[in-house]
Amino acid sequence: MKIMANRMDRGFFRYQKEFEEKALEVLRSGWYVLGNEVKSFEEEFAAYTGGGHCVGLASGLDALWIAFRLLGIGPGDEVIVQGNTYIASVMGITINGATPVFVEPNEYYNIDVSKIEEKITERTKAVLVVHLYGQASNMAAVKALTDKYHLKLVEDCAQSHGACFDGQMTGTFGDVGCFSFYPSKNIGAFGDGGGVVVKDAGLAEDFRVFRNYGSEKRYYNKVVGANSRLDELQAGLLRVRLRHVEECEEERCQIADRYLQEIRNPRLMLPGVQEGATAVWHQFVVRCEKRDELKQYLEEKGIGTIIHYPIPPHLSEAYQYLGYREGAFPITEQYAREVLSLPMYNGMTEEEQEYVIEALNAF
Ligand SMILES: *Cc1c(COP(=O)(O)O)cnc(C)c1O
């Protein structure tokens, strides 16, 4: 059997008719940027999260950097973020000239909140929480700190659409919730896409102006903005995704439950879920001291896996200028050496799940 780490085609074919109808509808409408599909998607996504206002943007990275820009965070400012994140989280900070201050993760791969306070200085302006792999961070604890120190709170929800802490959806706790709709994400477009969820109507309006060259009224430019618009076609297709989001979440949880119950191998460390949090299993990540050997072994059995992520941002070439050496963040670095994401996708068959489980148990 051949099993890929992800199968985005399965998610398409399941709702093929609806996607194709919507695509044709948009193509035939003669209107392709900033129209009714974007407007409707924004309303529907805001309602889904329960977070106030949604503004569609061109990508998750845009959501992050524009969020920090509009919150007034730039050169000389520090933003606290976990060390073991996808590099886009960090770029959202540094594109604005601000400095990322890394904190080690906890056993759930999210920021270790007990290590935030020691990193706060006069320069700290914000905390960026990443709900990594689809599990919500402990937002009660984070919020207590950002309130105490009057810091901005931004959430990177690129992997956590639908995940909750204490029953509240990620992306609605802080000043801005940043989402990606990249095709492989839990709510994925068929190209690039992103968006933000914000409570403050004024801030939502700032995003709307900024994404369209800083223009509120055609050819009247208030600020120097960007071109970061979610297009009509992607917005329309995302509306189809949203109609089915609950059943897709449910399916991922079932696959994760099965993995959790049936993978029995003392050499593997299975993921846990923190009390108060839910996980939507963007990735199902195991840890293994012999990770590279495990990856190779699975490959020989026809099972594809991915490492999220092999090089932590502080050690990447792009961030050499920050001056970190190996050993600066031992837990982050250990995770980079040991994590492996198993196949996890909507439309994964029971036979495929069984095959993966058997291979893992025989390792
Ligand atoms: C995918 C991702 C992003 C970036 O989203 P894009 O739409 O690819 O720009 C940011 N943060 C995390 C954690 C991600 O997984």
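## A tyrosine in a loop

Tyr109 is found in the loop between β3 (99–103) and β4 (124–130), where helices (H or I, at least four residues) and strands (E, at least two) are DSSP runs numbered from the N terminus. Although Tyr109 is not a glycine, its phi is positive, at about 70°. Most residues other than glycine have a negative phi, and most peptide bonds are trans. A cis peptide bond joins His308 and Tyr309, with omega about 10°, and Tyr309 lies in the loop between α10 (291–300) and α11 (330–338).

## Basis of the model

This is a predicted model, in which local features need pLDDT of at least 70 and side-chain atom pairs count only at pLDDT 80 or more, while totals for chains, interfaces and linings use all residues. Residues are numbered from 1 along each chain as its sequence is written, and side-chain values use heavy atoms, with hydrogens and water left out.

The domain assignment of the protein chain gives domain 1 (9–243) and domain 2 (245–362), the bounds coming from an automatic or database domain assignment. The C-alpha centres of the two domains lie 23 Å apart, and 45 residues of domain 1 are in contact with 43 residues of domain 2, contact meaning heavy atoms within 4.5 Å. The size of an interface is often given as the accessible area lost when the parts come together. Here domain 1 and domain 2 bury about 3600 Å² between them, 54% of it on carbon and sulfur atoms; buried area is the accessible area (1.4 Å probe) that two parts lose on being put together, summed over both. Arg10, Tyr109 and Tyr133 supply 20% of the area that domain 1 buries against domain 2, more than any other three residues.

Between the domains there are 2 salt bridges, a salt bridge being a side-chain nitrogen of Lys or Arg within 4 Å of a carboxyl oxygen of Asp or Glu. The side chains of Glu352 and Arg10 meet in a salt bridge, at 2.9 Å from N to O. On the side of domain 1 that touches domain 2, the elements giving two or more residues include α1 (8–14) and α5 (87–94), and α5 provides the largest share, 4 residues.

## Ligand surroundings

The ligand is surrounded by 14 residues, of which the closest are Gly60, Asp156, Gln159, Ser180 and Lys185; a residue is counted if one of its heavy atoms lies within 4 Å of the molecule. A polar backbone atom of Gly60 is 2.8 Å from an oxygen atom of the ligand, and a polar side-chain atom of Gln159 likewise lies 2.8 Å from a ligand oxygen atom. For Lys185, an N or O atom in the side chain is 2.7 Å from an oxygen atom of the ligand.

## A salt bridge within a helix

The structure holds 25 salt bridges. In one of them Glu25 pairs with Lys22, the closest N and O atoms being 3.5 Å apart. Both Glu25 and Lys22 lie in helix α2 (residues 16–29), 3 residues apart, about one turn of the helix.

Conventions. A polar contact is a pair of N or O atoms within 3.5 Å; within protein, one must be able to donate a hydrogen and the other to accept it, and residues adjacent in sequence count only if both atoms are side-chain atoms.
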